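Please open the structure in your viewer and keep the selection tool at hand.

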Amino acid sequence: MKHKVAVVDDHTLLSQAIGKLIDGFENFQTEGIFKNGQELITALNNKSIDPEIILMDVNMPILNGIETTKILSQDFPAISVLALSVEEEEKTIIQMLKSGAKGYLNKDIQKDLLLFALNSILQTGIFHTQNVTQALLGSLEKKTDDLDELKEREIEFIQLACTDMTYREIADKMFLSPKTVDNYRDSVFSKLNIKNRIGLVLFAIKKGIYKVN
């Protein structure tokens with residue numbers, strides 16, 4: 001039995017090419033191609049499709065990838081969203097992961113990596129390339145007592161770091177100096193073996209410090 005994948009992308013030629021690529025994989029088939037999130041949600045509500053994985057673009061008209069992923073997380077939690085976008089900004093990646101995406105791929109990838117990502121989603125429920133996580137997941141699996149190492153204020157910092165606030169805004173929120181917040185950041189990164197803010201968000205989601213709406 002082949003696993004069903006839906007493609008959501010407003011670029012018609014690209015989405016059709018992705019669909020054909022998926023159909024070429026031995027254990028996957030394209031369930032449907034949609035130009036925006038609203039078309040996808042309508043099809044799901046009408047029960048005309050039943051995908052296991054959705055390849056989701058980020059920037060689309062009517063209903064973009066971030067908004068669509070939030071809806072899917074709430075109304076169709078059994079479906080895994082794998083972001084496939086040209087966007088590489090940290091803020092965008094964080095927003096997609098916070099919305100419930102199980103992985104994030106750049107469109108400039110080889111087909112072997114796409115196949116590997118799809119299989120990883122099925123097997124482990126999550127997939128992230130090294131440029132997104134900096135090998136974060138390996139370090140998370142290594143330690144089970146990460147939370148025990150964190151102080152209460154460090155956990156508060158992590159929760160705020162999962163928002164769109166800048167570090168200076170976090171400092172204001174915590175009534176601390178920017179330098180003190182920088183120290184919190186460096187301490188947390190060191191304790192958790194995390195190299196960037198994206199990794200911190202992934203850690204927070206995985207450990208339940210930050211709840212995806």
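**Before selecting**

This is a predicted model, in which local features need pLDDT of at least 70 and side-chain atom pairs count only at pLDDT 80 or more, while totals for chains, interfaces and linings use all residues. Residues are numbered from 1 along each chain as its sequence is written, and side-chain values use heavy atoms, with hydrogens and water left out.

**Stop 1: the whole protein**

Select everything and show the cartoon. The protein has 11 helices and six strands; these are DSSP runs numbered from the N terminus, with helices being H or I of at least four residues and strands E of at least two. Of the 213 residues, 46% are buried (under 20% relative accessible area with a 1.4 Å probe, protein chains only; exposed is over 50%, partly exposed in between). The protein exposes about 11000 Å², and carbon and sulfur atoms supply 49% of that area (Shrake-Rupley method, 1.4 Å probe).

**Stop 2: helices 2 and 3**

Now select residues 37–45, helix 2, and residues 65–75, helix 3. Their axes come within 9 Å and cross at roughly 20 degrees (lines fitted to C-alpha atoms over the stretch in contact, with angles from 0 to 180 degrees between N-to-C directions). That makes helix 2 roughly parallel to helix 3 (under 35 degrees; over 145 is roughly antiparallel, 65 to 115 roughly perpendicular and the rest oblique). Show side chains for Gly37, Leu40, Ile41 and Leu44 of helix 2 and for Thr68, Ile71 and Leu72 of helix 3, which make the contact (heavy atoms within 4.5 Å). These residues divide into five nonpolar, two polar and no charged (Ala, Val, Leu, Ile, Met, Phe, Trp, Tyr, Cys and Pro are nonpolar; Asp, Glu, Lys and Arg charged; the others, Gly among them, polar).

**Stop 3: helices 8 and 11**

Go on to helix 8 and to helix 11, residues 197–207, whose axes come within 9 Å and cross at roughly 110 degrees. Helix 8 and helix 11 are therefore roughly perpendicular to each other. Phe157, Ile158, Leu160 and Ala161 of helix 8 meet Arg197, Leu200, Val201, Phe203 and Ala204 of helix 11. The contact has eight nonpolar residues, no polar and one charged.

**Stop 4: a ring pair**

Which residues form an aromatic pair that is stacked? Select Phe157 and Tyr167: their rings are 6.2 Å apart centre to centre, with 20 degrees between the planes (Phe, Tyr and Trp rings, Trp by its six-membered ring, pair with centres within 6.5 Å; planes under 30 degrees apart are stacked, over 60 edge-to-face, the rest tilted). Phe157 lies in helix 8 and Tyr167 in helix 9, so the pair ties together parts 10 residues apart in sequence. Phe157 is buried at 0% relative accessibility, whereas Tyr167 is partly exposed at 21%.
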